[in-house]
Amino acid sequence: MFRSLVVLVLIALAGPARAQAAKPQQPTPESERAEYIRSHYTKFEYRVPTRDGTKLFTSVYIPNDASPSKRYPILLVRTPYTVAPYGQDRYARRLGPTAEYEKQGFIFAFQDVRGRNMSEGEFINVRPHMAKKSGPKDIDESTDTYDTIEWLVKNVPGNNSRVGQWGISYPGFYVSAGAIDSHPALKAVSPQAPIADWFWDDMHRHGAFNLVLAFDFFSGFGKPRPQPIANENWFRFDHGTPDGYEFFLDLGPLANADTRHFKGDIAFWKDIVAHPNYDSFWQARNLLPHLKNIKAAVMVVGGWYDTEDLYGPLRTYSAIEKQNPGITNTLVMGPWPHGGWTRGDSTALGDVEFGFRTSELYQELELAFFKHHLKGGDKPELPEALVFETGANRWRRFDTWPPKGVREARLYFQPKGGLSYSAPASAQEAFDEYVSDPDRPVPYTTELTTGWTKNYMTEDQRFASRRPDVLVYQTAPLEKDLTLAGPLEAELWVSTTGTDADWVVKLVDVNPGKLPGFSRNDEEQGKRNRGGQQTLVRGEPFRGRFRDSYSEPKPFKPGEATKVRFVINDVFHTFKRGHRVMIQVQSSWFPFIDRNPQTFVPNIFEAKEEDFVRAFHRVYRSAAHPSSLKVGVLPSVDD
């Protein structure tokens, strides 16, 4: 503010001529969109009653020309964040996923979910679904959605009795939950990057704790809200440094988070600490088995490079497909980070360039999806699965996901860092070994940030492969294109001198050392020479204590060869001719994943400083103990 006042004073001192020369601020697409909304919509605020008497605050924007003879469908968003701005004279600057929604005309409804911001009631994170309900006191997110839709279609003027619902991330969870036992008026839903099971989405990766995301998120979101409040601000934790690696390393054992920073004020952090395993607390927050009796058409959306919710859309689509035969259920997966399909031009991410605006095709189809089901528009040409093929940089359409015709193959670790489809033949035991030091964990990114970076999922991994605590295996240069589709499965034979360990497996696309067509002129124009770049395709950590059960962890026996097997989220990637397939194995990925003390303790959240020890880890590659990565190969044109 001080700087703005100085500018105004200088303009005044420069005299009338200088003031007249100052040009008015030019409108931007954002300001024009906001002005269009204010000019073409009227805002109302309601307190919608639910079956147990709790009232949910809901902002509704109705087109000015709505009338008994011109009716519009309702597009609903339910959110735990905020429906700000509050006040009937204060308008949101955007209503739909894109500006075209506002021009096409919808009634836009935004609701604070139970217990958040201006809504009454108690908020429960990822509220468990109640499969059986015996009375009006038995509520969950499906009943709150049903009651909201029932009230809206009966009380909002100018609606055509058709409702659609969409939302990204946490709001995506409310879309999935709201589709269960669908209200008859709910015709189309789009859960986008939805939370499906909170032990897997956001919070953990195969039991390994997502430290930076959980700490940063709950430091603000987790603060108590004892009564309704028109809060429009997001609290951001002050780390005191721009270096997240330094901050979380200095934090020490996880118990220090509460004693030093949260001071017992973050209730859900306490829940996380009290439930380190996949027990009934987390199992109740698995929505997947409840995605039944869905009558609305569904479009599930996700991003291949979503560091928060990649598990969610893939599993949500699959569960809906299996449990609701006959309904429209489409999966869209693009080359996007979390929510990247609604912002930016999506032409690049981190160290990868896609060559065109990848979100444009999707945005057109999404609008056509809602127009068809809510306004009687033309049926869009939507396949069962619209997926982006990274590496080849193109959209593909399939009748199923994973696509038909995928054949299973295994890439086996070989001597001298080799990688091939042939299993090791030698009967002699063989392994690669490294020292894993919790005081010097492998960073997950070179980016200097205290948040969770969106670019690490395509980042050049040479910074990691050059460390002595990262194992590297790679194929010879490929003679023809290799397309991998569907889930991966790591099967490692390992041992440790400690009693606990994490195992991180990364699938990497290695560019040729000399890129064809790249010239000195390109360098002079500032283009990056990506020769030899090791581009991350997919990475997944696994907390070794959970190798037999996520509910009942157990220690390793020091020095004993042990199988660790785990599924890695789907990929759809083509390794081009001349590229190499690389697999990297390491035991830390910090601070994205918390440090494993490498001493088995019942609860890592309660580990002491002395529990954190250096350990020697081995990854075996013999006939008796063959370590490998199972992949799904989609035959190419020349196969």
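E32 is partly exposed, because its relative accessible area is 48% (buried means under 20%, exposed over 50%, partly exposed in between, with a 1.4 Å probe and protein chains only). The residue lies in helix α3, which covers residues 29–40. M333 is 301 residues from E32 along the chain, and their C-alpha atoms are 31 Å apart.

The model is predicted; local features need pLDDT of at least 70, side-chain atom pairs count only at pLDDT 80 or more, and totals for chains, interfaces and linings use all residues. Residues are numbered from 1 along each chain as its sequence is written, and side-chain values use heavy atoms, without hydrogens and water.

The chain holds 15 helices and 25 strands (DSSP runs numbered from the N terminus: helices are H or I, at least four residues; strands are E, at least two). The C-alpha trace spans about 80 × 70 × 60 Å along its principal axes. The radius of gyration is 26 Å, which agrees with the value near 26 Å for a compact globule of 639 residues (taken over C-alpha atoms; the rule is 2.2 Å times the number of residues to the power 0.38).

Of the 639 residues, 57% are buried. The accessible surface is about 27300 Å², and carbon and sulfur atoms contribute 50% of it (Shrake-Rupley method, 1.4 Å probe; for residues, only the protein chains shown count as cover). Among contacts between residues at least 6 apart in sequence, 77% join residues at least 24 apart (contact means heavy atoms within 4.5 Å).

The chain carries 78 positive and 79 negative charges, whose mean positions are 3 Å apart (Lys and Arg count as positive, Asp and Glu as negative; His and the chain ends are not counted). Charges are placed at NZ of Lys, CZ of Arg, CG of Asp or CD of Glu.
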